[in-house]
Amino acid sequence: MRITDIQRCEVRPGRLVEWTLSPVTVAAAEALPVDSRPPAYIQESHLRRARSVRGEGVCVPTWIGVAFDLPGPVDLDVLEEALLSWTMRHETLRSGFRWAGDSGDELHRFTLDAADMALHRDEVADFAHADHLVRHLQDRFDEVADALVWPNLIYTAVLRDDSTSVYMAFDHSNVDAYSLFRVPAELQELYAAGRARKEPAPAASYVDFCEIERIRADRVDGGHGSVARWQEFIRRCGGRLPRFPVELGLTPDSPPAPQRLLCEPLADAAEAEAFEAYCRPYGGSMAGVLAATALFVHETGGQDVYRTVVPFHTRGKSGWNDSVGWYVGGAPIEVPVGRSPRFREVLRSVRGELVANRPLARIPLTRVLALLDEDDRPGSTDLCSLVSFVDTRSFPGAERWHEQRAHGLVRVSYSDHVYVWVNRTHEGLWLASRYPDTDVAVKVMRLYAERLRDRITSAAW
């Protein structure tokens with residue numbers, strides 16, 4: 001699945017219908033008692049940073065979403081039932097948070113029973129122009145899928161005679177990329193099941209995972225080896241989590257900057273396969289992308305060591321695979337490139353770092369930062385810059401994503417950090433990156449894409 005934004009996901013005109021949680025459901029949630037299961041560390045950090053930024057007068061949308069087509073005209077009642085069944089199936093979508101306590105600084109969870117869930121349908125309007133529809137969708141997603149309100153999800157469909165396009169947006173606190181990659185196949189399955197009057201299978205609860213992870217993380221203290229490793233990594237990064245280590249035209253204490261998005265293919269299917277074969281002895285395409293980035297940093301910024309945080313999913317057991325949630329941890333890597341800047345040597349270094357440090361992703365980074373008494377960057381919605389790689393080909397229905405026009409959606413707004421996503425699809429390798437919208441950064445990221453593509457092609461052949 002290609003990652004992009006709502007402006008680039010091939011939106012076409014049609015009649016717009018949207019679903020939000022019904023007023024009766026929202027009223028039921030307001031009367032709920034506290035759910036003793038705590039937020040995940042990553043959820044709490046996300047909400048606190050969103051509130052801090054909002055308090056400074058900056059509204060930074062943090063929603064992510066998914067877009068895909070269903071063939072032909074749809075039965076709206078059956079589609080609505082599928083959307084409701086999907087929402088009921090994943091407990092985190094029925095769960096939210098309230099600020100409480102004497103200082104209003106405690107975060108308490110509440111969770112609705114599945115039986116209390118209902119959707120409200122609004123047949124909005126016919127849109128004759130795609131650009132008008134795109135602006136409307138982004139504005140609605142910004143308004144509804146907001147970190148600091150509940151509910152913070154919205155489902156829409158654009159109806160046409162030949163097809164129906166589904167667009168869904170969620171605040172990031174409830175979903176990650178793996179969750180989004182599973183949505184098209186799962187919704188189609190539920191739509192078909194609704195027509196056949198079949199009940200969907202239950203899914204594991206991310207809310208339960210949050211409690212399990214939190215209990216495990218709270219057993220970690222300042223003497224834990226992982227905490228010491230992070231402490232040393234942060235010290236070598238100059239006392240803070242890493243930025244993208246190339247000049248981007250920002251001052252060290254710049255406020256969150258307006259961003260732009262770069263999206264483009266890096267390699268076709270044959271080139272992607274050849275690159276994977278070349279990198280396989282050293283850990284595969286993930287290692288290859290990180291090694292190529294390290295060399296770019298060295299050649300462009302003169303850095304002798306490339307330091308970054310690599311995201312990994314934390315769905316350690318197969319039971320969590322079909323669960324919607326934010327199952328993500330981060331691991332630090334440090335790749336020396338100054339003394340031996342040959343690609344194979346850098347690949348070996350990356351592989352060693354990934355093998356040694358991936359276990360650190362099991363401990364939530366914000367728990368580590370609290371133990372180190374480090375600033376969680378409350379004035380920004382991003383903790384640090386990062387480079388992510390995901391091979392999406394094994395997800396259910398991935399072979400059909402191209403014909404379904406399936407896209408993962410990100411919202412580009414404000415940040416002084418650089419996020420890079422490289423995805424392997426059946427069509428090849430796809431790059432998406434959001435970065436500060438400065439003249440310097442635009443040139444740097446354009447050069448980065450070109451160098452990454454050149455490295456992939458030269459290694460492949």
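## Helix packing and sheet architecture

Helix 8 and helix 10 are roughly perpendicular to each other, because angles of 65 to 115 degrees count as roughly perpendicular and the axes of these two helices cross at roughly 70°. The structure is a predicted model. The contact joins Phe275, Tyr278 and Cys279 of helix 8 to Phe343, Arg344 and Leu347 of helix 10. By class, the residues of this contact of helix 8 with helix 10 comprise five nonpolar, no polar and one charged.

Helix 10 (residues 343–357) also packs against helix 9 (residues 285–301), with a crossing of roughly 120°. That angle makes helix 9 oblique to helix 10. The crossing of helix 9 and helix 10 is right-handed. Helix 9 contributes Met286, Ala287, Gly288, Leu290, Ala291, Ala292, Ala294 and Leu295, while helix 10 contributes Phe343, Val346, Leu347, Val350 and Leu354. The residues of the contact of helix 9 with helix 10 divide into twelve nonpolar, one polar and no charged.

| Helix pair | Axes come within | Crossing angle |
|---|---|---|
| Helix 8 (residues 269–279) and helix 10 | 11 Å | roughly 70° |
| Helix 9 (residues 285–301) and helix 10 (residues 343–357) | 9 Å | roughly 120° |

An open sheet is formed by seven strands in the order 1-13-3-8-7-2-6, with mixed pairing. Strand 1 (2–4) and strand 6 (119–127) lie at the edges; each has a single partner strand, so one side of each is left without a neighbour in the sheet. From one strand to the next, the twist averages 20°.

Within this order, strand 3 (residues 63–71) and strand 8 (residues 163–171) pair in the antiparallel sense over nine bridges. Val66 has Met168 of strand 8 as its bridge partner. Helix 4 (residues 130–144) packs on the sheet, where it touches strand 2 (14–21), strand 3, strand 6, strand 7 (153–159) and strand 8. The direction of helix 4 makes about 160° with that of strand 7.

A further antiparallel pairing links strand 4 (residues 95–100) with strand 5 (residues 106–111) over six bridges. Opposite Gly96 stands Phe110 in strand 5. The hairpin of strand 4 and strand 5 has five residues between the strands, and Gly101 in this hairpin takes a positive phi near 90°.

Key:
Residues numbered from 1 in each chain as written. Predicted model: local features only at pLDDT ≥ 70, side-chain atom pairs only at ≥ 80, totals over all residues. Heavy atoms only, no water. Pairing = 2+ DSSP bridges. Helix = DSSP H or I, 4+ residues; strand = E, 2+ residues; numbered from the N terminus. Axes fitted to C-alpha atoms, helices over the stretch in contact; angles between N-to-C directions. Contact = heavy atoms within 4.5 Å. Parallel < 35°, antiparallel > 145°, perpendicular 65-115°, else oblique. Left-handed = near helix turned anticlockwise from the far one by under 90°. Nonpolar A, V, L, I, M, F, W, Y, C, P; charged D, E, K, R; others polar.
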